[in-house]
Amino acid sequence: MSDLTTHGEAGLAKGAVDLQRYGHALMGTFGVPMRVLARGEGSYVWDADGNRYLDLLGGIAVNALGHGHPAWVEAIATQAATLAHASNFFATEPQIALAERLLDLAQAPTGSRVFFANSGTEANEAALKMARKTGKGTIIALEGAFHGRSTGALAITHKEAYRAPFAPLIGTVVFVPANDEDALRAAVAEHASDLSAIFLEPIQGEAGVKPLTHAYLALARELTLRHQALLVLDEVQTGVARTGAWFAYQLHGIQPDVMTLAKGLGGGFPVGAVIAFGAHAGALLGKGDHGSTFGGNPLAAAAALATLRVIEDEQLIAHVKAVSAHLRERLEAIPGVVEVRGEGLLLGIGLATPASAEIAQAAVAAGFIVNPPSPDTLRLVPALTLTTAEADTFVAWLESHAAHHPFTGEGETT
Ligand code: PLP
């Protein structure tokens with residue numbers, strides 16, 4: 001499998017040399033990277049030493065079309081040669097077309113509006129500003145929530161290890177346990193007069209692929225309507241066909257007041273978006289309330305438009321549902337897999353033992369990139385174009401790994 005190239009005086013492989021350079025030049029925010037990646041094609045990536053991996057992480061739910069999709073590459077190249085960037089003192093056709101397309105896909109009512117950012121964090125920052133503009137100050141967010149690392153988005157992110165070094169964070173944020181309807185009712189009742197927004201991820205990806213129930217989402221919708229608060233759905237990870245619907249809320253028959261998007265929207269090009277549903281939400285941010293140099297630039301908009309077009313042309317929503325159902329069935333049959341959570345190609349493989357980090361490491365060594373968001377969960381967020389045959393190669397590996405290193409919790413564990 002390896003086409004090993006050596007480099008440098010110590011005779012180290014190129015990847016090892018590159019990792020040393022990384023360590024000397026980049027801040028340590030991400031720890032030591034697993035590999036140095038050099039290129040990608042479809043659902044595969046190759047590292048700096050020529051080793052191939054099936055990419056079941058997709059840049060964490062970003063490379064929606066896989067790597068190097070010809071239509072996406074061509075759209076970016078054409079737009080780069082035409083008009084790569086313009087300030088927001090000017091409008092561009094791709095920016096307008098992308099906003100129209102998103103409103104259309106979201107089935108957003110008259111008066112709905114879009115704001116473009118460059119990432120999920122920034123999209124959530126804009127949504128936080130919208131919450132502030134309601135004139136009320138309290139936000140309800142969920143235990144396990146992840147909304148980003150800027151100080152605003154961090155204020156509604158739950159993990160103490162991320163928050164503590166940067167306290168105090170903005171505003172009044174009340175965290176409630178996910179899917180606990182009584183706790184949500186109680187928190188809303190306590191803060192009713194000052195409640196600006198409830199922020200929810202329809203499936204908590206970073207917490208370990210934990211879906212909110214239909215009833216819980218419906219209750220959040222009902223309570224926010226009753227108290228004139230915003231229901232903000234963070235669909236940064238779940239949006240853009242990832243769950244087998246254009247947006248996850250469409251699986252639940254509700255519509256939010258605000259939705260944030262990023263990750264898969266650009267198919268690998270950085271772009272974020274906020275969709276405000278209806279005239280009230282659509283008018284919360286007015287002239288001078290927010291801005292972004294790069295947000296909605298024509299290059300990013302062209303990449304996003306190409307991503308949406310390919311998803312539609314290649315009928316990837318139906319494909320995602322089919323591959324997901326197949327994967328689920330096969331994964332659930334593996335000893336030590338207690339459940340498979342999530343929707344579409346945002347899947348969490350729940351393990352009987354906290355073996356996910358070790359399995360993910362063994363998987364990479366065997367040529368499969370998966371990620372352990374929690375000690376007992378492996379996450380799969382591959383390209384929406386992943387084929388059943390590709391998925392099967394990973395299932396076969398996991399079956400064989402489970403046979404040799406059982407994670408059933410009975411007897412020997414990895
Ligand atoms: N919201 C959710 C649900 C996410 O999963 C993430 C990233 O993992 C973010 C927000 C932050 O997005 P970004 O890293 O693009 O700023």
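A cavity is a set of grid points where a 1.4 Å probe fits but cannot get out. The legends below describe a predicted model.

Figure 1. Where the domains meet, 24 residues of domain 1 are in contact with 25 residues of domain 2.

**Figure 2. The largest pocket, between the domains**. This pocket has a volume of about 1500 Å³. Because domain 1 and domain 2 both give residues to its lining, the largest pocket lies between them. The lining comprises 45 residues, and those nearest the centre of the pocket are Phe30, Ile60, Arg149, Glu206 and Arg379. At least two lining residues are supplied by each of helix H2 (58-61), helix H5 (120-133), helix H13 (356-365) and strand S18. By class, the lining has 22 nonpolar, 16 polar and seven charged residues.

**Figure 3. The second largest pocket**. The space in this pocket amounts to about 560 Å³. Its lining has 23 residues, with Val114, Phe115, Phe116, Leu285 and His290 the closest to its centre. Two or more lining residues come from each of strand S6 (113-117), helix H5, strand S14 (272-276) and helix H10 (278-282). Strand S6 gives the largest share, four residues. In the lining of the second largest pocket, twelve residues are nonpolar, nine are polar and two are charged.

**Figure 4. An open sheet of four strands**. The strands follow the order S15-S16-S19-S18, and their pairing is antiparallel. Strand S15 (337-343) and strand S18 (371-374) are the edge strands, each pairing on one side only. From one strand to the next, the twist averages 30°. Strands of a sheet pair through backbone hydrogen bonds. Within this sheet, strand S16 (residues 346-351) and strand S19 (residues 377-380) are joined by four bridges. Leu347 stands opposite Leu380 in S19. Helix H12 (residues 316-332) lies across S15, S16 and S19, and the helix runs at about 165° to S15.

Note on methods:
Residues numbered from 1 in each chain as written. Predicted model: local features only at pLDDT ≥ 70, side-chain atom pairs only at ≥ 80, totals over all residues. Heavy atoms only, no water. Pairing = 2+ DSSP bridges. Axes fitted to C-alpha atoms, helices over the stretch in contact; angles between N-to-C directions. Contact = heavy atoms within 4.5 Å. 1 Å grid on protein atoms, 1.4 Å probe; cavity = no way out; pocket = protein on both sides within 12 Å on 5 of 7 lines; lining within 4 Å. Points joined across faces, edges and corners; volume = space filled by probe spheres on them. Nonpolar A, V, L, I, M, F, W, Y, C, P; charged D, E, K, R; others polar. Domains from an automatic or database assignment.
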